[in-house]
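This report describes one protein structure, with the cut-offs behind each term stated where the term is used.

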Amino acid sequence: MQYWNGTAYVDVAGASGYPTALNQYNHVTFTSVGTTRLRVLLQSGAGSVGLLEVKAS
């Protein structure tokens with residue numbers, strides 16, 4: 001997970017980890033940040049990768 005710092009995208013601080021359990025929501029928490037843009041980078045392992053939903057509050 002990355003956010004826009006006004007100049008570039010940078011990694012969010014304090015990410016709880018990025019779980020990859022199948023057939024369920026995998027939650028990630030991180031230190032609060034104020035931004036106008038978020039970006040999710042996905043990397044495929046042995047299989048395919050996908051994103052169902054992102055909730056930001």
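Which pattern does the protein chain follow, read along the sequence? The pattern is β-β-β, and the chain holds 0 helices and 3 strands. Helices (H or I, at least four residues) and strands (E, at least two) are DSSP runs, numbered from the N terminus. This is a predicted model, in which local features need pLDDT of at least 70 and side-chain atom pairs count only at pLDDT 80 or more, while totals for chains, interfaces and linings use all residues. Residues are numbered from 1 along each chain as its sequence is written, and side-chain values use heavy atoms, with hydrogens and water left out.

The 3 strands form an open sheet in the order 2-1-3, with antiparallel pairing; two strands pair if DSSP finds at least two bridges between them. Strand 2 (9–11) and strand 3 (38–39) each have a single partner strand and stand at the edges, so one side of each is left without a neighbour in the sheet. Strand 1 (residues 2–4) is joined to strand 2 by 3 bridges, and Trp4 stands opposite Tyr9 in strand 2.

**Ring contacts**

The structure holds 1 aromatic pair, formed by Trp4 and Tyr9 with edge-to-face geometry. Rings of Phe, Tyr and Trp (its six-membered ring) pair if their centres lie within 6.5 Å; planes under 30 degrees apart count as stacked, over 60 as edge-to-face and the rest as tilted. For Trp4 and Tyr9 the values are 5.1 Å centre to centre and 65° between the planes. Charges also sit over these rings, as tabulated below; the criterion is NZ of Lys or CZ of Arg within 6 Å of the ring centre and within 35 degrees of the ring normal.

| Charged residue | Ring | Distance from ring centre |
|---|---|---|
| Arg37 | Trp4 | 4.2 Å |
| Arg39 | Tyr9 | 4.2 Å |

**Exposure and backbone**

Buried residues make up 5% of the 57 residues in the protein chain. Buried means under 20% relative accessible area, exposed over 50%, and partly exposed in between (1.4 Å probe, protein chains only). Tyr9 is partly exposed, with a relative accessible area of 26%. Asn23, in the loop between strand 2 and strand 3, is exposed at 84%. The phi of Asn23 is near 55°, a positive value in a residue other than glycine.

**Overall extent**

Along its principal axes, the C-alpha trace of the protein chain spans about 35 × 20 × 20 Å.
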